[in-house]
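Reader: I have a model open on my screen. I would like to learn how to read its contacts. Can you take me through them?

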Amino acid sequence: MLRLQVDALNAAYAAALDERRFDDWPEFFTQDALYQVQARENFDRGLPLSLMALESKAMMKDRVYGITQTIYHAPYYTRHVIGPAQLLAPQLLSHEGDRIRAQAHYAVFRTRPGDATQVYNVGRYLDEFVQTPAGLKLASRRCIYDSEMVLNSLIYPI
Amino acid sequence: MLRLQVDALNAAYAAALDERRFDDWPEFFTQDALYQVQARENFDRGLPLSLMALESKAMMKDRVYGITQTIYHAPYYTRHVIGPAQLLAPQLLSHEGDRIRAQAHYAVFRTRPGDATQVYNVGRYLDEFVQTPAGLKLASRRCIYDSEMVLNSLIYPI
Amino acid sequence: MLRLQVDALNAAYAAALDERRFDDWPEFFTQDALYQVQARENFDRGLPLSLMALESKAMMKDRVYGITQTIYHAPYYTRHVIGPAQLLAPQLLSHEGDRIRAQAHYAVFRTRPGDATQVYNVGRYLDEFVQTPAGLKLASRRCIYDSEMVLNSLIYPI
């Protein structure tokens with residue numbers, strides 16, 4: 001059942017990020033997938049500005065390299081809690097008929113060493129999936145976030 | 001599968017509220033449905049006092065009119081994250097045999113402009129659903145919330 | 001479908017704890033089940049130290065007796081929001097072939113009287129289930145938590 005496949009992908013995606021298996025993260029996407037992290041305010045107004053926009057799996061791998069090898073930053077744990085996905089009508093945004101559209105609400109919590117756990121980022125994943133021989137893959141994931149603050153320090157993908 | 005239908009309704013319900021499509025909100029209910037927001041303390045003691053009690057879809061529409069047209073309030077974003085629903089035994093509370101009883105735990109986060117995201121309201125939806133020609137509808141949704149504070153400013157439905 | 005059974009168990013488990021039906025809590029486990037609450041840092045390093053480790057249902061019942069009868073503590077409400085579970089490959093950790101391995105991310109919120117709701121504990125359930133004549137039961141639940149603080153006052157199971 002399709003929605004259960006989407007939920008399973010989301011759970012595996014969250015686990016990869018929260019367990020810091022960052023190399024696994026690009027593998028949830030197709031080669032030419034879009035990954036975008038955008039403020040809800042910009043999304044709602046149709047503005048292009050986003051906090052992060054990666055336009056291929058190669059760019060995602062480069063980002064992972066940055067996270068794990070080059071960026072100096074204070075460590076923190078993340079924890080994604082994602083609600084059951086909602087399948088969306090296929091015709092609304094998709095330019096390709098075979099894409100599966102879905103969204104899911106998420107909350108990401110952050111824990112820094114010696115500090116209380118905080119609400120870090122909440123929003124929704126607005127997704128397009130395709131079926132591939134290797135299973136369901138993200139052709140596009142837009143993380144539309146409500147949270148305005150804290151994100152100056154966004155290091156890890158949402 | 002019934003539980004997946006409930007999850008799908010909950011996801012669509014959350015999306016309508018969080019995307020501020022308030023006119024869509026009453027459409028999740030039957031004509032004579034109950035919508036109630038009640039403190040857990042009162043619910044547990046069997047007390048009738050509640051923060052909001054709307055006893056028909058017409059009252060819900062009136063509330064939506066109030067939210068969108070007449071109430072002056074500081075804007076804020078909401079984000080619902082709802083866990084998978086739990087189907088409940090039909091005989092426990094229902095007075096009608098064809099009602100489907102379920103509950104789901106929720107967290108609602110609030111983001112005000114220029115401020116960090118906060119935990120706004122957590123609790124559970126205690127629901128009765130009916131199957132209609134237009135799909136599953138809420139005959140009763142009671143939002144039993146743990147949170148005591150912040151709610152003096154409850155504007156939008158939970 | 002197996003994953004839906006796991007989600008249903010998690011929802012019922014969360015409801016039992018949050019509704020303070022503590023006597024129901026050990027019933028989610030097999031007789032010789034393990035229940036452990038462990039910091040992520042210790043788990044990741046393979047260290048045995050944990051905040052709570054109960055090695056049978058009898059120990060869990062004893063803990064419930066402690067919670068409800070003997071421990072003096074300030075009351076608080078809890079609310080679990082658990083994401084859809086992820087089934088894990090059977091061979092990775094399990095020493096018994098008939099065990100079903102799964103994990104799910106959770107957030108537990110705490111509300112103390114007269115106070116705002118707080119993020120109390122976030123992490124993941126790392127679980128082993130078995131099918132029994134009475135349905136799916138936990139043979140092992142390890143609560144691997146990110147949160148370092150607040151837990152000095154952990155009273156109720158996670």
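This is a predicted model: local features need pLDDT of at least 70, side-chain atom pairs count only at pLDDT 80 or more; totals for chains, interfaces and linings use all residues.

Reader: Now an interface. How many residues do chain B and chain A put into the contact?

Author: Take both sides in turn. Chain B gives 26 residues and chain A gives 23. Together the two chains bury about 1,900 Å², and 59% of that is on carbon and sulfur atoms. On the chain B side, Leu4(B), Tyr77(B) and Arg79(B) lose the most area to chain A. Together they account for 32% of what that side buries.

Reader: What polar links are counted between chain B and chain A?

Author: Nine residue pairs are in polar contact, with both partners at pLDDT 80 or more. Now place the chain B side on its elements. Helix α1 (2-18), strand β3 (77-82) and strand β5 (100-111) of chain B each supply at least two residues to it. The largest share comes from α1(B), with eight residues. By class, that side has 14 nonpolar, six polar and six charged residues.

Reader: Next, charge. How many salt bridges cross the interface of chain B and chain A?

Author: First the general idea. Side chains of opposite charge can pair when their charged atoms come close. Three salt bridges cross this interface. One of them is Arg124(A) with Glu19(B), whose closest N and O atoms are 3.4 Å apart. Over all chains, the structure holds 42 salt bridges.

Reader: Where do Arg3(A) and Asp7(B) lie?

Author: These side chains meet in a salt bridge, 3.5 Å from N to O. Arg3(A) is in helix α1 of chain A and Asp7(B) is in helix α1 of chain B, so the pair joins two chains. Both residues are buried.

Reader: And which residue does Arg3(C) meet in a salt bridge?

Author: Arg3(C) pairs with Asp7(A), again at 3.5 Å from N to O. Arg3(C) sits in helix α1 of chain C and Asp7(A) in helix α1 of chain A, so this pair joins two chains. Both of these residues are buried. Now step back. Arg3(A), Asp7(A), Arg3(B), Asp7(B), Arg3(C) and Asp7(C) are linked in a network of salt bridges.

Reader: Let me try a pair within one chain. How far apart in helix α2 are Asp44(C) and Arg40(C)?

Author: Count along the helix. They are four residues apart in α2 (residues 40-45) of chain C, about one helical turn. Asp44(C) is partly exposed, at 49% relative accessible area. Arg40(C) is buried, at 4%.

Reader: Last one. Is Asn121(B) buried or exposed?

Author: Read the relative accessible area, where under 20% means buried. Asn121(B) has 0%, so this residue is buried. Next, find its place and its partner. Asn121(B) lies in strand β6 (residues 118-132) of chain B. Its side chain makes a polar contact of 2.7 Å with the side chain of Tyr106(B).

Terms used
Residues are numbered from 1 along each chain as its sequence is written. Chains are lettered from A and ligands numbered from 1 in the order in which they are written. Side-chain values use heavy atoms; hydrogens and water are left out. Contact means heavy atoms within 4.5 Å. Buried area is the accessible area (1.4 Å probe) that two parts lose on being put together, summed over both. A salt bridge is a side-chain nitrogen of Lys or Arg within 4 Å of a carboxyl oxygen of Asp or Glu. A polar contact is a pair of N or O atoms within 3.5 Å; within protein, one must be able to donate a hydrogen and the other to accept it, and residues adjacent in sequence count only if both atoms are side-chain atoms. Ala, Val, Leu, Ile, Met, Phe, Trp, Tyr, Cys and Pro count as nonpolar, Asp, Glu, Lys and Arg as charged, and the others, Gly among them, as polar. Buried means under 20% relative accessible area, exposed over 50%, partly exposed in between (1.4 Å probe, protein chains only).
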